[in-house]
Amino acid sequence: MAVRDIVLFGEETLRKVSHPVEKFNLRLHLLLRDMADTMYDADGVGLAAPQIGILRRVVVIDVQDDHGLIELINPEILSMEGEQAGAEGCLSKPGRRGWVVRPNKVTVRAQDRKGNFFELTGEGLLARALCHEIDHLDGKLYIDVEDHEMTEDEE
């Protein structure tokens, strides 16, 4: 198990655009393993490579559904449908949540750890996680799209 330090809000890395992955090798496989270990250790549902200081277009997500652990390399959103609003937090900003409006259904195209392309459609929490983590790859944070910070009474 290799748990990495999570970059916190305020650090420049979180505001930079990540670079595409071009080499699908052991180094990438180790990064994916470390990212999953880090996400699970922090009790998160998603983690993007910039959150551990690596500016590569790599995301791991696990919303505890039938999909299990999802690994996305070079993901891009193909379509979005509907709308959902709800509380959203981030491992890079522990203890803070905001009210965020996201699409209710999202389809992405990405590559797996071997470089093979695939499409994935997620609804509800998975759609929210896909948008949140892909935003990280573009230097965008949920606080950029939140309606307001939630108080303890609202949670």
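Two strands count as paired here if DSSP finds at least two bridges between them, and the elements themselves are DSSP runs numbered from the N terminus, with helices (H or I) of at least four residues and strands (E) of at least two. The model is predicted, so local features need pLDDT of at least 70 and side-chain atom pairs count only at pLDDT 80 or more, whereas totals for chains, interfaces and linings use all residues. Residues are numbered from 1 along each chain as its sequence is written, and side-chain values use heavy atoms, with hydrogens and water left out.

An open sheet is formed by five strands in the order β1-β2-β3-β6-β7, with antiparallel pairing. Because β1 (46-48) and β7 (117-123) stand at the edges with a single partner strand each, one side of each is left without a neighbour in the sheet. Strand β6 (residues 105-111) is joined to the antiparallel β7 by seven bridges, and V106 stands opposite G122 in β7.

| Helix | Strands | Angle |
|---|---|---|
| α1 (residues 26-41) | touches β1, β2 and β3 | about 40° with β2 |
| α2 (residues 125-137) | lies across β1, β2, β3, β6 and β7 | about 125° to β7 |

A nonpolar core is a set of buried (under 20% relative accessible area, 1.4 Å probe, protein chains only) Ala, Val, Leu, Ile, Met, Phe, Trp, Tyr and Cys residues joined through side-chain atoms within 4.5 Å. In the largest, of 17 residues, I61, L72, V108 and L130 touch the most other members, and the largest share, seven residues, comes from α2.

Note on methods: Contact = heavy atoms within 4.5 Å. Axes fitted to C-alpha atoms, helices over the stretch in contact; angles between N-to-C directions. Buried < 20%, exposed > 50% of the residue type's maximum accessible area, 1.4 Å probe, protein only.
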